[in-house]
Amino acid sequence: MPTATYEPITTVTATSGSSILVMSSIPQTYTDLVLVVNGDADVDDEFRLRFNSDSGSNYRVLFLYGSSSGTSSNEYVATNYAQLGGIYTPGTGTGSNMINIFNYANTNVNKTVVSTANSGNYIQFRNNTWRSTAAITQIDCFLAGSGVFTNPTTLTLYGIKAAV
């Protein structure tokens, strides 16, 4: 059975107090992208993405998260960012988020973004749609509100090559 290959495209490391991280000039030679986030933030809120600097209400999110006190779900049909699970972890912990971006270079379909996250006391699953057929060439990564990344926080973007 053929297997797909993950190839590192870029790694960005946040310095203490960074509020936004940008990954640009993303090559269009892969089928899908995977963004792996490991780190921490100063706020207990979500991690967010914008594609190609699009800040219009073109994103839709459906989410489910759970903790020892129960589960919750919700849907937002018109936000100006892709909403992903947080990375905040009290103390010296590290939160993680694995984000799959499907068909990022395909100019015939809207983009689907699926993430799973582990932060603080929560396990989170979020499914986003970016209602655009534009190929993704830039990803802006930021936190809710006035949140900032804390050291060390790394974001690694991988391209997935087609199975051969």
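This short talk covers the aromatic pairs, the charges over rings and the nonpolar core of the structure above.

First, the ground rules. This is a predicted model, where local features need pLDDT of at least 70, side-chain atom pairs count only at pLDDT 80 or more, and totals for chains, interfaces and linings use all residues. Residues are numbered from 1 along each chain as its sequence is written, and side-chain values use heavy atoms, with hydrogens and water left out.

Let's start with rings. A search of the whole structure gives eight aromatic pairs. Rings of Phe, Tyr and Trp (its six-membered ring) pair if their centres lie within 6.5 Å; planes under 30 degrees apart count as stacked, over 60 as edge-to-face, and the rest as tilted.

Take F51 and W130. Their pair is tilted, with 5.4 Å centre to centre and 45 degrees between the planes. F51 is in strand β4, residues 47–51, and W130 is in strand β10, residues 122–130. That puts the two 79 residues apart. Strands here are DSSP runs (E, at least two residues), numbered from the N terminus. Both F51 and W130 are buried, meaning under 20% relative accessible area with a 1.4 Å probe, protein chains only. Ring pairs also join F51, Y59 and W130 into a cluster.

Next, Y81 and F142. This pair is edge-to-face: 6.5 Å between centres, 80 degrees between planes. Y81 lies in the loop between β6 and β7, while F142 is in strand β11, 61 residues apart. Both are buried.

The charged end of R48 sits over the Y81 ring, 3.8 Å from its centre. The cut-off: NZ of Lys or CZ of Arg within 6 Å of the ring centre and within 35 degrees of the ring normal. R126 does likewise over the ring of F63, at 4.6 Å from the centre.

Now the core. A nonpolar core is a set of buried Ala, Val, Leu, Ile, Met, Phe, Trp, Tyr and Cys residues joined through side-chain atoms within 4.5 Å. The largest one has 29 residues. Those with the most contacts inside it include F51, F47 and I99. Which strand gives the largest share? β3 does, with four residues.

Look at I99. Beyond residues up to four places away in sequence, I99 touches L33, L35, F47 and L84, among others. Contact means heavy atoms within 4.5 Å.

Last, T129, in strand β10. Why does T129 count as buried? Because its relative accessibility is 18%. Leaving aside neighbours within four places, T129 contacts N58, Y59, R60, N110 and K111.

How values were computed. Buried < 20%, exposed > 50% of the residue type's maximum accessible area, 1.4 Å probe, protein only.
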